[in-house]
Amino acid sequence: MTDETVDFALTRALEAILFAADAPLSLTEITRHVGERGDLLPTLRALATSYEPRGLNLVERGGKWQFQTAPDLGHFLRTSRETVKKLSRAGVETLAVIAYHEPVTRPEIEEIRGVAVSGGTIDVLMEAGWVRPAGRRETPGRPLQYATTPEFLAHFNLSSRRDLPGMADLKAAGLLDREPPRELPLPLGGREE
């Protein structure tokens with residue numbers, strides 16, 4: 001058996017496992033299926049590249065791999081009209097604080113935003129599948145922490161949180177009209193809900 005045959009066999013195995021998976025798979029989960037076969041990342045990346053021009057794409061989101069419909073073909077799969085729900089300004093700001101500062105507690109969100117966060121705002125983000133509880137902070141009162149989910153990354157087409165826009169990007173897009181307070185690294189000022 002040549003190295004080329006082994007690579008082809010591994011590529012086929014990875015393709016089959018990822019296609020049949022009912023949820024995105026981490027490298028550890030993939031290794032459980034194919035066994036220890038060296039570094040799987042180059043093979044996964046080569047497989048992803050081979051699928052780029054096709055109707056299905058292999059993507060990595062939050063350290064997990066999955067097949068998804070190519071973004072330009074999604075409209076063929078919609079059988080009913082989607083109801084678009086707009087996220088409130090408070091929801092957008094709360095989601096941004098969580099994404100940029102995770103894990104973060106409700107009091108920290110309130111400190112950054114400058115206003116109280118209603119329980120409903122976080123509930124809406126959790127119902128959308130974009131935010132999840134992320135344990136408790138080891139401080140007095142042990143407040144609950146929040147973090148984003150792989151669904152958040154997928155919805156906003158991000159490979160990881162590192163792909164979130166930085167301050168320079170936000171300023172260039174005209175989304176910042178003033179400098180944020182120096183002690184806060186986010187451009188989120190206090191606003192009324």
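Colleague: Let's start with a pairing: which residue of S3 stands opposite Leu25?

Modeller: That residue is Trp65. Please keep in mind that we are looking at a predicted model.

Colleague: What makes S1 and S3 a pair of strands?

Modeller: Pairing asks for at least two bridges between the strands, and two bridges join S1 to S3. S1 and S3 therefore count as paired, and they run antiparallel. S3 covers residues 64-69.

Colleague: Why are S1 and S2 called edge strands?

Modeller: The open sheet has the order S1-S3-S2, with antiparallel pairing. S1 and S2 (56-61) each pair on one side only.

Colleague: Now to Thr148. Why is Thr148 called buried?

Modeller: Thr148 has a relative accessible area of 7%. The cut-off is under 20%, so Thr148 qualifies as buried. Thr148 belongs to strand S6, residues 144-148.

Colleague: What makes the approach of Thr148 and Glu102 a polar contact?

Modeller: Their side chains are joined at 2.5 Å, and the limit for such a pair of N or O atoms is 3.5 Å. Beyond its neighbours within four places in sequence, Thr148 also touches several other residues, including Ile98, Trp130 and Arg161.

Colleague: How do you know that S4 and S6 pair?

Modeller: Two bridges link S4 and S6 in the antiparallel sense, and at least two are required, so the pair counts. Within S6, Gln145 is the bridge partner of Thr105. The open sheet runs in the order S4-S6-S5, with S4 and S5 as its edge strands.

Colleague: What makes the span of H4 close to the expected one?

Modeller: H4 has 13 residues and reaches 18 Å from its first C-alpha to its last. The expected span at 1.5 Å a residue is 18 Å as well.

Colleague: What do the buried residues of H4 pack against?

Modeller: Their partners are strand S4 (104-105), H5, H6, strand S5 (131-136), S6 and H7. The buried residues of H4 include Ala90, Leu95, Ile98 and Ala99. Leu95 and Ala99 are also among the contacts of Phe152, as are Trp130 and Leu164.

Colleague: How confident is the predictor in the protein, and where does pLDDT stay under 50?

Modeller: The average pLDDT is 82, and 82% of the residues score at least 70. Residues 181-193 stay under 50. For that stretch the model has 33 contacts beyond four places in sequence.

Terms used. Residues numbered from 1 in each chain as written. Predicted model: local features only at pLDDT ≥ 70, side-chain atom pairs only at ≥ 80, totals over all residues. Heavy atoms only, no water. pLDDT = per-residue confidence, 0-100. Contact = heavy atoms within 4.5 Å. Helix = DSSP H or I, 4+ residues; strand = E, 2+ residues; numbered from the N terminus. Buried < 20%, exposed > 50% of the residue type's maximum accessible area, 1.4 Å probe, protein only. Polar contact = N/O pair within 3.5 Å; in protein donor to acceptor, adjacent residues only side chain to side chain. Expected span 1.5 Å × (residues − 1).
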